[in-house]
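Let's take a walk through this protein together, starting with the overall build and ending with a handful of individual residues. Keep the viewer open as you read.

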Amino acid sequence: MTDLQPARGTHDLIGEDQRRHHHVVETARQIAARYGFDEWITPIFEDTRVFSRTLGETSDVVTKEMYTFDDRGGDSITLRPEATAGICRALVSNGLTQSLPKKVFCTGPMFRYERPQKGRYRQFHQIDIELIGPSEPLADAEVIACGWEILKALGVHTDTLLELNTLGDAPSRAAYREALVAYFTANKDALSNDSLVRLERNPMRILDSKEARERDLIAGAPKIWPYLSPEAAAFYGKVQEHLARFGVPFRENAGIVRGLDYYGHTAFEFVTSKLGSQGTVMAGGRYDGLVSEMGGPATPAVGLAAGVERLAMLLDVAPPAPAPVAVVPIGDEAEAAAIGILQSLRAAGIRAEMAYRGNLRRRMERANKIDARAAVILGTDDLAQGVAQVKDLRTGTQEAVKLPDIAAYLT
Ligand code: ATP
Ligand code: MG
């Protein structure tokens, strides 16, 4: 076989790409830990019903995007398109529904059969935060504050804006649904085929349409706010008050409805203008119905997910490659002694490398190539006196250092 390429919509993360990716994930992991979230690692594939039953039969993800196949035993398996459903499945399967709240951080690859473009892939990665148990609006605000803190720590918050909405409670949505159906039915001719289906099954989802020709129609649609029950309006007000206390700026946007069926009350997106039409870097909301659909007791929950690739693209500068120290023996005898020195540097926490062959010139060329910050040069005469020449490759200065002192000298 010749000319093998990565499968469409997948990519390799090497060098700078990997460092950007790693920086986003590590930063999120540390901030989430500070907020009290524990990391869970759940499977990359699940029983298809984990997603098909819960994400909503009219969601884009379920209707068009899932990687679903029968395994060799004939079981229907789906590569996870998102993390929340698997985490709720894990909560129920592990009997954790009685030990709430659970604060979960999760990260890893997700899979959606989408048309690949900038910021949209078939295998991509998310960081994910779920706060399961509390029904209080304080929980919604804390999850959003944690997301905002991650954007701040990455230095991308100045490019992003939090857009906030509420999807209300069941009575609010029922009232709003009627208003939406009336509006879109009166404008049926302007709807795409997808939206006509949504009109029948889940009219609110039309607001999430990405069709350019429906944009004006959607902009003129009724907003949910006048249809909120007093309880739902009070909840929404509390979320906003708490956000102010956490110091998270936001803008209200009635168009934020979220693509999945299990949301109610809070819905939000952190949006940037820097990534073209793939501008949502982080999104989430409250999903009080999901755990019960997974077979557990009624359990309130709120969470968010962020696209690692989109955040990595927003980073101004890539984290630098780590600069190693090169150990450079001259001759076979010196190489034997150099292994001990190499290992003592590594034991001291220093990234140290030694080439596998070559004379002094070749080895110094190699040291430059790997962008070493220093070279520890070991000649037979120096070794006999218990020293090495340590050369600072940034300044060019060189000094004889006693062998036992090299690690300390370089730290
Ligand atoms: P979009 O409207 O862009 O399709 P979505 O509503 O499907 O997004 P979510 O399910 O909320 O996205 O996923 C959370 C985040 O994951 C998104 O805001 C985005 O940053 C990222 N994301 C979603 N799908 C992809 C993808 N195919 N490729 C890269 N990142 C993605
Ligand atoms: Mg999508």
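Predicted model: local features only at pLDDT ≥ 70, side-chain atom pairs only at ≥ 80, totals over all residues.

Helices here are DSSP runs of H or I with at least four residues, strands are DSSP runs of E with at least two, and both are numbered from the N terminus.

Residues are numbered from 1 along each chain as its sequence is written, chains are lettered from A and ligands numbered from 1 in the order in which they are written, and side-chain values use heavy atoms, with hydrogens and water left out.

Now the big picture. The protein chain holds 15 helices and 16 strands. How far does the C-alpha trace span along its principal axes? It covers about 90 × 55 × 45 Å. The radius of gyration tells its own story: the protein chain has 27 Å, whereas a compact globule of 411 residues would come in near 22 Å. That radius is taken over C-alpha atoms, and the globule rule is 2.2 Å times the number of residues to the power 0.38.

The domain layout is worth a look next. Domain 1 covers 16-169 + 229-314, and domain 2 covers 325-410; these bounds come from an automatic or database domain assignment. Taken over C-alpha atoms, the centres of domain 1 and domain 2 are 48 Å apart.

What about inside and outside? Of the 411 residues, 49% count as buried, where buried means under 20% relative accessible area, exposed means over 50%, and partly exposed is in between (1.4 Å probe, protein chains only). The accessible surface of the protein chain is about 20000 Å², and carbon and sulfur atoms own 50% of that. Those areas come from the Shrake-Rupley method with a 1.4 Å probe, and for residues only the protein chains shown count as cover.

Contacts, meaning heavy atoms within 4.5 Å, are next. Among those in the protein chain with a separation of 6 or more, 69% link residues 24 or more positions apart. As for charge, there are 48 positive and 54 negative side chains, and the centres of the two sets lie 3 Å apart. Lys and Arg count as positive and Asp and Glu as negative, leaving out His and the chain ends; each charge is placed at NZ of Lys, CZ of Arg, CG of Asp or CD of Glu.

Time to zoom in on the backbone. L100 and P101 are joined by a cis peptide bond, with omega about 0°. You'll find P101 in the loop between α4 (84-93) and β5 (102-111). Then there's H265, which is not a glycine but has a positive phi of about 55°. H265 belongs to strand β9 (residues 264-272) and is buried, at a relative accessible area of 13%. D371, also not a glycine, has a positive phi of about 60°. Its place is the loop between α13 (360-369) and β14 (374-378), and at 44% relative accessibility D371 is partly exposed.

Which residues does F184 touch, leaving aside those up to four places away in sequence? They are L191, L199, I206, L207, L217, I218 and A221. F184 lies in helix α6 (residues 170-186) and counts as buried because its relative accessibility is 0%. I218 is 34 residues from F184 along the chain, with 8.9 Å between their C-alpha atoms.

Finish with R19, in helix α1 (residues 16-34). R19 counts as partly exposed because its relative accessibility is 23%. Leaving aside residues up to four places away in sequence, R19 touches P319, P320 and A321. V50, 31 residues from R19 in sequence, is 33 Å away in space, C-alpha to C-alpha.
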